[in-house]
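Here is a walk through some of the helices of one protein. Look at the sequence and the structure before reading on.

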Amino acid sequence: MVRRRSSATVPLSAAFALLIVYASLYPFSGWRWPPGQSLQSLLTLPLAQYHIAFDIWANFIGYMPLGALLYGAGVRRGWRWGWALLLAVLAPTLLSYALELTQNFLPERVPSREDWLLNSGGGVTGALVAAALAALGALRVWQSLRDRWFIPASAGALTLLLLWPMALLFPTPVPLGLGQCWDEVRELAQLALEDTPWAPAAESWLLPSSPLLTPLSPAAEMLCIALGLLAPCLVAFAAMRSRARRAVLTLGALVLALAVSTLSTALNFGPEHALAWLTPTAVPGLMLGLLAALACCVLPLRLAAAVGLMVLTAQVVVVAQAPENAYYAQSLQAWSQGRFIRFHGLSRWLGWLWPYAAAAWLLVRVGARDEG
C-alpha cells in the first residue's frame, strides 16, 4: 500500500488523546501520594465503589473515536491492517491504564478497574468498527472524495475544520467569537511567576488594563460574527482548488454554525433559549460573513491563506474587547450536576486555541512553495 504523507487522522488522534488526558486528570490540582496505598495496590487499580450510568457510557463511548482514529492513522501511514489494529487496540488500553493509575494521586478523581476495562473496551470497539468500514471500502471512498475536494497537503485544514464545531459548543462572548483567552493567559503567567524575583516587574503587564469591559457596539459585534464565519472558510480555501466546491463548503459552514450555536445555547441555557444567540446583529453578521466568504472563493491558495491570517488576527483583536459571557456560571449547573464539566471544559480549550492553531497552519501555507 502506498503511504499517504498527509492524513488528518494522525493530528486528530493526537488531539483526541490530549483531550482524553485533560478530561481524565482535570482539575490537575491537589497532587499527593494516596494515603494507606502501597505500590502494588496502586498498580492493580481499585474496584469501583459505585456505578453511575452516565459514567459507564461516557467511559466506553469516550474511547471509541480514539480506537477508530488510531486504526485509520495506521492504515493511512501504509501499515498492514493487522499492525494498525494492534496499535488501535493497545494504545487506548495503555493510555487508559496510565491515566487511571495517575488518578490515584488526584484527590478529586476516583480511579477504578472497571473504568479501565470500559475505556479499553471502547477503544477495541472503535478499532473493530474502523477495520470493518475499511474492509467495506470506506477509506477508499473517503480518499477519493478528499482527492476531489482538497489538495494533498490538507491534513491540517481538515483537522481544524473538524474541530471547529466542537470549539463552538462552549458559550462565547459573541456568536462564533473564538479566541478570548488573555485573562487565562494572565492568570497562568501570574501563577508561574508567583514568589519569583520577576513577579513585581511583570505585575503591571499582567494586570488587565480594563477590569470591566464594555459591551461591543452593534457594528463591532456584527463584524466579529462575520469574521467568525469567514475564518474557517478561508482555512478550507487554503486547501481547496475548486471554486464551485468552495461555495458549497461555505454554505455548509453557515448551516453548521447555525446548528452548533443553537445546540450550544440549548445545552447551556435550556432548550427554551436555544435561539437566544440570534441577536439583532447575528443575522446581518452571518450574511456579511457569507457574502465575504463567497467573494473569497476566487482567491488562489496562498492568497486565501494570507487573507485568512488577517481575518483571524482581526477576529482575535475584536473578541478580546468583548466582556466574558455573563451566563457562564449559570451554564455550568446545567451539565448533569457537574459530571459533564470536564468535557465541557474541553470545548472551552478548543474555543481558546482554535484561532491560534488555524493561524499557525495558514502561516505555513503562506510560505509553501507549491500550490499543493
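Helix axes here are lines fitted to C-alpha atoms over the stretch in contact, and the angle between two of them runs from 0 to 180 degrees between N-to-C directions. The model is predicted.

Begin with helix α1 (residues 9-25) and helix α5 (residues 81-103), whose axes come within 10 Å and cross at roughly 25 degrees. Angles under 35 degrees count as roughly parallel, so α1 is roughly parallel to α5. Their crossing is right-handed. On the α1 side, Ala17, Ile20, Val21, Ser24 and Leu25 take part, and they meet Leu95, Leu99, Thr102 and Gln103 of α5. This contact of α1 with α5 has six nonpolar and three polar residues, with no charged ones.

A second pair is helix α11 (residues 218-237) and helix α14 (residues 301-320). Their axes come within 8 Å and cross at roughly 150 degrees, which means that α11 is roughly antiparallel to α14. The crossing of α11 and α14 is left-handed. Residues of α11 that meet α14 include Leu223, Leu227, Leu230 and Leu234, and among their counterparts in α14 are Leu301, Val307, Val311 and Val318. The contact of α11 with α14 divides into 16 nonpolar, three polar and no charged residues.

Helix α12 (residues 243-269) can be followed from end to end. At its start, a side-chain oxygen of serine 242 lies within 3.2 Å of the backbone nitrogen of arginine 245. The 27 residues of α12 reach 39 Å from first C-alpha to last, close to the 39 Å expected at 1.5 Å a residue. Just after α12 comes glycine 270, with a positive phi of about 105 degrees.

Definitions and conventions: Residues are numbered from 1 along each chain as its sequence is written. This is a predicted model: local features need pLDDT of at least 70, side-chain atom pairs count only at pLDDT 80 or more; totals for chains, interfaces and linings use all residues. Side-chain values use heavy atoms; hydrogens and water are left out. Helices (H or I, at least four residues) and strands (E, at least two) are DSSP runs, numbered from the N terminus. Angles under 35 degrees count as roughly parallel, over 145 as roughly antiparallel, 65 to 115 as roughly perpendicular and the rest as oblique. A crossing is left-handed if the near helix is turned anticlockwise from the far one by less than a right angle, and right-handed if clockwise. Contact means heavy atoms within 4.5 Å. Ala, Val, Leu, Ile, Met, Phe, Trp, Tyr, Cys and Pro count as nonpolar, Asp, Glu, Lys and Arg as charged, and the others, Gly among them, as polar. The expected span of a helix is 1.5 Å times one less than its number of residues. A polar contact is a pair of N or O atoms within 3.5 Å; within protein, one must be able to donate a hydrogen and the other to accept it, and residues adjacent in sequence count only if both atoms are side-chain atoms.
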